[in-house]
Amino acid sequence: MLTRCALTLVMTLSMMAPALAGDAVFRDVRYSGDDGGPAVDATQYRNPVVAGFYPDPSAIRVGDDFYLVTSTFGYFPGLPVFHSTDLVSWTQVGNAIHRPDQINYGEKEELTRGLFAATLAHHDGTFYIANTCFYCDRGNFVVTAKDPAGPWSDPIWLGVSGIDPSLFFDDDGSAWVVHNDVPDGKLRYDGHRAIWLQRFDFGKRERVGERLLLVDGGADPATNPEHIEGPHVFKHDGWYYLTAAEGGTGEQHAQMVWRSRALTGPYVPSPSNPSLTQRDLNPARPDPVTSTGHAQFVKLKDGTWWAVFLATRPYRGNQYNLGRETFLLPVTWKDGWPVILPRGERVPMVVQRPDLPRNPQPLPTSGPMAWTERFDAPTLPLSWMTLHPPQTRWYTTGKAGLTITPGTMPLGAFGTAPGQPSYLAHRLQHHKATLETTLASFAPVEGELAGLALLQNEYGHYVLGVERDAQGLAVSLYRRSSREGAKTGDRLARIPLDGKQGPVSLRFRLDGPRLEADYAMASGEWKPVATGLDASLLSVETAGGFIGNTFGPYAVRR
């Protein structure tokens, strides 16, 4: 029986009706998760509002509707777009990067490259998403759509350097790009960055005039603030407000605010800065929320203000596997300055909902949830991803479920050569949850494996699968935990199987830093493959980078 406090990754393998040699046919994936926490009533919501690897949130209001986009880095499709009518209950409606030829991720780039922080805007009936393609193609770009569900345009290249572009449309209709970049002249310290403003003509697709320096260093340059980034400009009560994060995206992350009577400046920092941070709190506090920042402010029709931002939920020290998640808090105004959270206060996990009609939500994005995916549609569901856009067709979906042809690139070799692993990924959204998948058929030749992967990146992942090696058919568990390790991973366990026997079920159980691996030859008759495994190897602190765990079906020819 599944419990509220278990994360289980289960795969059932049928040897009774094999497909073509080597093809792995997955019938479905089932997920259930619950991290516990305080209860909520009908007037409240739970943070984060979009759990799991959904970082760098950008949200806007268009009439009675709200739209949200987050980062995806090396995953495809990229930049998921969500819709809501209450700011709390979000439903994915599309992906802004949804065609393999829409943008070039780079053939040999790590998973932490790719599509960085995206920003939504809406003007005169058109939706805009500004984004950085890091280490690929030509840097900063914009895609557009009349419907946020898509289709989205090919990139419009902005020709500005740096990262984190954001669009602002002034009252006269002019479009401006505000973005991070290095300052002019010599860097005063490591992490010295600046915020710049550049006008852009979308009709001519070209920059207009000179770019202008808005902020050099950060809110208090004398303190040498590091990595000011994620800027946004909005207008309120005759003032132009600039908001940006500084301190890096780790525990020193903080959100700052400036304002000016003119769009081009000069901008004065808020005396209430930072508008949001958790960096001053006791690191030993229970159930911490850390790394808060990269916020965007949203004004409701009733005049109230809210902010979406990223934060993390460590389970031990600064270890977390879920990545940076999307949180929501109300904004208060004090003497003309917006404050998300007074300094020294903890991010609340339960908050009063905005005064808006509740939005129906087919699938929760936070709190307890359960779903089943049968892959019976002609295309993948919106929330499933690959590592970079597929260049060859190695999977199919349909009435039979999901069929994957094993690829020749193991997960640990991704980014070292052109190509991609045969891996379909879904974001892990709980420290404690249950995932089940049924592999309807698999008849491997020697050197082939099919199973389930749990992935932080190329250098940190577990794979539990059925393979055929020189000794025969077996359940095997592999782990890669460093840049120096074998790209195929180290085999931690091998349990021989009788190929004539019936279904084989495989299971991972995660509970924060703890991971268990099991198998069963009959329903419910679980036997251990390995116990006491260290899931913290999949944390950002250990594996590196700044993304979150994904899991999913995987097949490889070694």
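User: How much space lies in the largest pocket?
Analyst: About 690 Å³. This is a predicted model: local features need pLDDT of at least 70, side-chain atom pairs count only at pLDDT 80 or more, and totals for chains, interfaces and linings use all residues. Residues are numbered from 1 along each chain as its sequence is written, and side-chain values use heavy atoms, with hydrogens and water left out.

User: What counts as a pocket?
Analyst: The search runs on a 1 Å grid over the protein atoms alone. A pocket is an open set of points with protein on both sides within 12 Å along at least five of seven lines. A cavity is a set of points where a 1.4 Å probe fits but cannot get out. Lining residues have an atom within 4 Å of a point. Grid points are joined across faces, edges and corners, and a volume is the space filled by probe spheres set on the points.

User: Which residues lie nearest the centre of the largest pocket?
Analyst: Ile-60, Arg-61, Val-233, Phe-234 and Phe-297. They belong to a lining of 27 residues.

User: Which elements give two or more residues to that lining?
Analyst: Strand 4, strand 10, strand 14, strand 18 and strand 23. Strands here are DSSP runs (E, at least two residues), numbered from the N terminus.

User: How does the lining of the largest pocket split by class?
Analyst: It has 13 nonpolar, nine polar and five charged residues. Ala, Val, Leu, Ile, Met, Phe, Trp, Tyr, Cys and Pro count as nonpolar. Asp, Glu, Lys and Arg count as charged, and the others, Gly among them, as polar.

User: And the second largest pocket, what is its volume?
Analyst: About 560 Å³. It is lined by 27 residues, and Asp-35, Gly-37, Asp-287, Arg-313 and Met-349 are the closest to its centre. By class, that lining has ten nonpolar, nine polar and eight charged residues.

User: How many cavities are there of 30 Å³ or more?
Analyst: Two. The largest cavity holds about 50 Å³ of space. Its lining has 13 residues, with His-461, Val-463, Thr-488, Gly-489 and Tyr-554 nearest the centre.

User: Which strand gives the largest share of that lining?
Analyst: Strand 37, with three residues. Strand 36 (460–469) and strand 37 (472–480) each supply at least two. The lining of the largest cavity divides into five nonpolar, four polar and four charged residues.

User: Is His-461 buried or exposed?
Analyst: His-461 is buried, because its relative accessible area is 4%. Buried means under 20%, exposed over 50% and partly exposed in between, with a 1.4 Å probe and protein chains only. His-461 sits in strand 36. Its side chain reaches the backbone oxygen of Glu-458 at 3.5 Å.

User: How many bridges join strand 14 to strand 15?
Analyst: Five. Strand 15 covers residues 175–181 and runs antiparallel to strand 14. Phe-168 stands opposite Trp-176 in strand 15.

User: Where is there a hairpin?
Analyst: Strand 10 and strand 11 form one, with two residues between them. In the turn, Asp-124 has a positive phi of about 55 degrees.

Notes: Two strands pair if DSSP finds at least two bridges between them. Helices (H or I, at least four residues) and strands (E, at least two) are DSSP runs, numbered from the N terminus. A polar contact is a pair of N or O atoms within 3.5 Å; within protein, one must be able to donate a hydrogen and the other to accept it, and residues adjacent in sequence count only if both atoms are side-chain atoms.
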